[in-house]
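Thanks for making the time this morning.

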Amino acid sequence: MKHLLLAGIAGALLATPALAQDTVDDQAFTGIYVGGSVGFDAQPNDIGERILFDRNLDGGFNDTVLNAAGANAFGPGFCNGRARGAGNGGCLNDRDDIAYSARVGWDQQMGHALVGVVGEFGKSEIRDSVSAFSTTPANYVMNREIDWEASIRGRAGYVAGESTLFYGTFGVGYARIDNYFTSTNGVNTFSDTGKSTEWGVLGGGGVEQKLGRNFSIGLEYMYHDYNDPDYRVRIGGAAGTPFTNAATGGSAQGTDLRRSPSDFRWHSIRATAAFRF
């Protein structure tokens, strides 16, 4: 489906120069516009991602969870994805998926040069996961998704001919991140800090083609980068487990978990459309 979507977008853009009307003047991109985008979001491979532990609840996530025999309770290790099962049989890749947004902007064209600003609000269906595996065996999976993302960006570009714009864009984003936790451990209890809102940065570029005086379509690449450091999961409950055993260096109140690294990054390829007033 991803390949069909990208092929369709590319085909539409290649066809547009022939459709552009000759009546577009040299101020074709000046003014206010509204529009939207739809496309595909893909995440980089988070090699080395893992879950960190704070056993004594001192705020330092550099502890090793030990079982009653003093061995590493997470000897089976970690993987940068969603666990396939209780034992370390590997992970599913992070979910790459569609994204869609609405936007409003303003441009000022000065001959072939252009400057502008654009605001955008949208939603991505991606999911980013990391898993840990204990010797019991059990899995512990931290997941995050995007509830919504808002951004405001500047853009600058070059208008080729009378109807084709090549541009770069950069700005700040603000996203609602939905963090949640799952585990096959049926002995302990789990509580977490849930959703968070985080600031980030976005940057990219694209091409926009006028189709007549008021309508344009385009193809755009965007990189998103957020730092999401605040999500915590506390494992407590049953006394004497590796997570609540004070005799092996922990706290009877439980063990806190967080993911490392805390960066949430992804790439977007999307088709755009705009109506100019």
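Let me begin with a question: which residues line the second largest cavity? Bear in mind, as we go, that this is a predicted model. The lining of that second largest cavity is made of Tyr-33, Arg-103, Arg-155, Tyr-167, Glu-208, Ser-216, Thr-272, Ala-273 and Ala-274, and if you sort these by class you find four nonpolar, two polar and three charged residues.

Now let me step back to the overall count, which is three cavities of 30 Å³ or more in the structure. The largest cavity holds about 140 Å³ of space, and its lining comprises 20 residues, with Ser-101, Lys-123, Glu-149, His-224 and Arg-270 lying nearest the centre. The elements that each contribute two or more residues to this lining are strand 1 (31-42), strand 6 (97-110), strand 7 (113-124), strand 9 (138-160) and strand 16 (263-276), and it is strand 7 that gives the largest share, namely five residues. By class, the lining of the largest cavity has seven nonpolar, eight polar and five charged residues.

Strand 1 runs antiparallel to strand 6, and the two are joined over eleven bridges, with Val-34 standing opposite Val-104 in strand 6. Strand 6 in turn pairs with strand 7, again in the antiparallel sense, over twelve bridges, and here Ala-99 stands opposite Ser-124 in strand 7. Strand 6 and strand 7 form a hairpin with two residues between them, and in the turn Gly-111 has a positive phi of about 70°.

A polar atom of the Thr-248 side chain lies 3.2 Å from the backbone oxygen of Asn-245, and, if we leave aside neighbours within four places in sequence, Thr-248 is in contact with Arg-55, Leu-66 and Asn-67.

Terms used. Residues are numbered from 1 along each chain as its sequence is written. This is a predicted model: local features need pLDDT of at least 70, side-chain atom pairs count only at pLDDT 80 or more; totals for chains, interfaces and linings use all residues. Side-chain values use heavy atoms; hydrogens and water are left out. On a 1 Å grid over the protein atoms alone, a cavity is a set of points where a 1.4 Å probe fits but cannot get out, and a pocket is an open set with protein on both sides within 12 Å along at least five of seven lines; lining residues have an atom within 4 Å of a point. Grid points are joined across faces, edges and corners, and a volume is the space filled by probe spheres set on the points. Helices (H or I, at least four residues) and strands (E, at least two) are DSSP runs, numbered from the N terminus. Ala, Val, Leu, Ile, Met, Phe, Trp, Tyr, Cys and Pro count as nonpolar, Asp, Glu, Lys and Arg as charged, and the others, Gly among them, as polar. A polar contact is a pair of N or O atoms within 3.5 Å; within protein, one must be able to donate a hydrogen and the other to accept it, and residues adjacent in sequence count only if both atoms are side-chain atoms. Contact means heavy atoms within 4.5 Å. Two strands pair if DSSP finds at least two bridges between them.
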